[in-house]
Amino acid sequence: MGILQPYVKSFRYGWSSWSILVIAFITVFFHRLSVGSVADELTREIPMNSVTLGNLTAMNYYAYALMQIPVGILVDRIGVRKINFCGLLVTAAGSILFGLAHTLEAAYLSRFLVGIGSSVIIVSIFKIQATWFPLSRFSALSGLTSFFGNFGSLLALYPLTFLSLTFGWRNVFYWMAGISLLLALLVLWGVRDARTEIYSPPRETAAAGSTGPTGSVSPLSRKHSQTPEHTSTAVKPLPFLAYLKESLSCVLKNPRTWPNVLILFAFTGSSTTLLGLWGIPLMTQLYSLDKATAAGYVTFATFGFILGAPLISLWVRLLKGIRPALLAGTGLNLLLWVYIVIIAGGRPAAELWPAFFFIFGLLIMTHILAFSNVTAVNPLNYSGMATAITNMAEFIGSSLASLTIGLILDFSGNPSAAWWVILSMAALGFMAALLIKEQPAS
């Protein structure tokens, strides 16, 4: 039993940390997509046009993107427990302020705070996956993360629309603040940091089942990685500025990082644009649907997310690699939007949209593989920085796309023209997938 105890402890700490953060991740998706479902109520109570509504949604993305590099540093340097506790407190404060907002400035500030607070969670989950589990499980765990997280997307669409119409949108965000506070306490109780210098010994010692300074058996003895990038030594941490310079230089100068960044910018950014703001308004404007029906249509994308997420590992095995899986996902997504925008003239039959949104959601889930790839092609010590930079791109892309669609609607008055933005991002996502290099560089 004494021999097995380190494995039992590693199993318990890894899964408890991952599970708690994944529960918190559900709230990230909810906040990210919530504005589109309460857009009508917002514009009635806080005067705004399409551009300012787009900017309000983008405030969350701006903050999220701005925080990714600092979060990557904090995750790599001080661990996930402290920053997630603080992040959930900031999220709760932003949610309360949003419920209290009666001016555009207060609404902007509240969404910015929510973006700052929620920005810490996904990078922390990736760090937990990279340090507590074998790298071979990274894609499967990422798929499960998105599977559960996308229940937040589901809650932010039709259920939020119903709750806001029944109880008022302000009350819903007060309730979300309470949930964030409870999650903060749960993080303190159950999340544990995995220290790289203990859990990532050199490959040659890992292969022999070496022990770390605490005497526990490293998870690397279970072949955490077989790549040079994931071979790490027990060295004294660099001073902060030296670490910042070295980690940024290592990740940004690695040409194999950038295709993953572009996939998140374009491919995933388009889904965040539609589900986070413009999906429901565009459906109501194009087809004169009521808000509940439009929300029901867009919700099918979330069903695609939920079904697609746990199938990611199977997708990779069937297509024999991350690159072919990403090419298939981005390529089929491009064909979907070519049909919608060019063949159907931007206005296909309304009854087809549930199927379109479902397929869109199913294909978008292949973006998870970009995180697997960027983790594999960068050093383990900088995995937090690598995934943070990649994740940041999604919110830069969705912010620019949301603003562009708002400008199109205000100046052209043609809702179907907005689909060209999504088609352009689909094309860029496919081109990025063509550049993916699956095997890590030596």
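These are my notebook entries on a predicted model of a protein chain.

**Ground rules.** I number residues from 1 along each chain as its sequence is written, and I use heavy atoms for side-chain values, leaving out hydrogens and water. Since the model is predicted, local features need pLDDT of at least 70 and side-chain atom pairs count only at pLDDT 80 or more, while totals for chains, interfaces and linings use all residues.

**Overall.** I looked up the secondary structure and found 20 helices and zero strands in the protein chain. Both are DSSP runs numbered from the N terminus, with at least four residues (H or I) for a helix and at least two (E) for a strand. Of the 442 residues, 60% count as buried. Buried means under 20% relative accessible area, exposed means over 50%, and partly exposed lies in between (1.4 Å probe, protein chains only). I then checked contacts, meaning heavy atoms within 4.5 Å. Among those between residues at least 6 apart in sequence, 83% join residues at least 24 apart.

**Ser118.** I found Ser118 in helix α5, which covers residues 104-118. Is Ser118 buried or exposed? Ser118 counts as buried because its relative accessibility is 3%. Leaving aside residues up to four places away in sequence, Ser118 touches Val28, Tyr64 and Thr91.

**Trp189.** I placed Trp189 in helix α9. Trp189 has a relative accessible area of 63%, so I list Trp189 as exposed.

**Aromatic rings.** I counted 19 aromatic pairs in the structure. Rings of Phe, Tyr and Trp (its six-membered ring) pair if their centres lie within 6.5 Å; planes under 30 degrees apart count as stacked, over 60 as edge-to-face and the rest as tilted. Trp15 and Phe133 form an edge-to-face pair, because their ring centres are 5.0 Å apart and their planes stand at 75°. This pair links distant parts of the chain, as Trp15 is in helix α1 and Phe133 in the loop between α6 and α7, 118 residues apart. Trp15 is partly exposed at 26%, whereas Phe133 is buried at 3%.

Phe30 and Phe173 make a tilted pair, with 6.3 Å centre to centre and 55° between the planes. Phe30 lies in helix α1 and Phe173 in helix α9 (residues 169-190), so the pair ties together parts 143 residues apart in sequence. Both Phe30 and Phe173 are buried.

I also noted one aromatic cluster, formed by Trp337, Tyr339, Trp353, Phe356, Phe357, Phe360 and Trp419.

**Cavity.** How many cavities of 30 Å³ or more does the whole structure have? My search found one. A cavity is a set of points, on a 1 Å grid over the protein atoms alone, where a 1.4 Å probe fits but cannot get out; lining residues have an atom within 4 Å of a point. The largest cavity holds about 260 Å³ of space, a volume being the space filled by probe spheres set on the points, which are joined across faces, edges and corners. Its lining has 24 residues, and Phe29, Arg32, Thr268, His367 and Glu394 lie nearest the centre. Helix α7 gives the most to this lining, with five residues.

How values were computed
1 Å grid on protein atoms, 1.4 Å probe; cavity = no way out; pocket = protein on both sides within 12 Å on 5 of 7 lines; lining within 4 Å.
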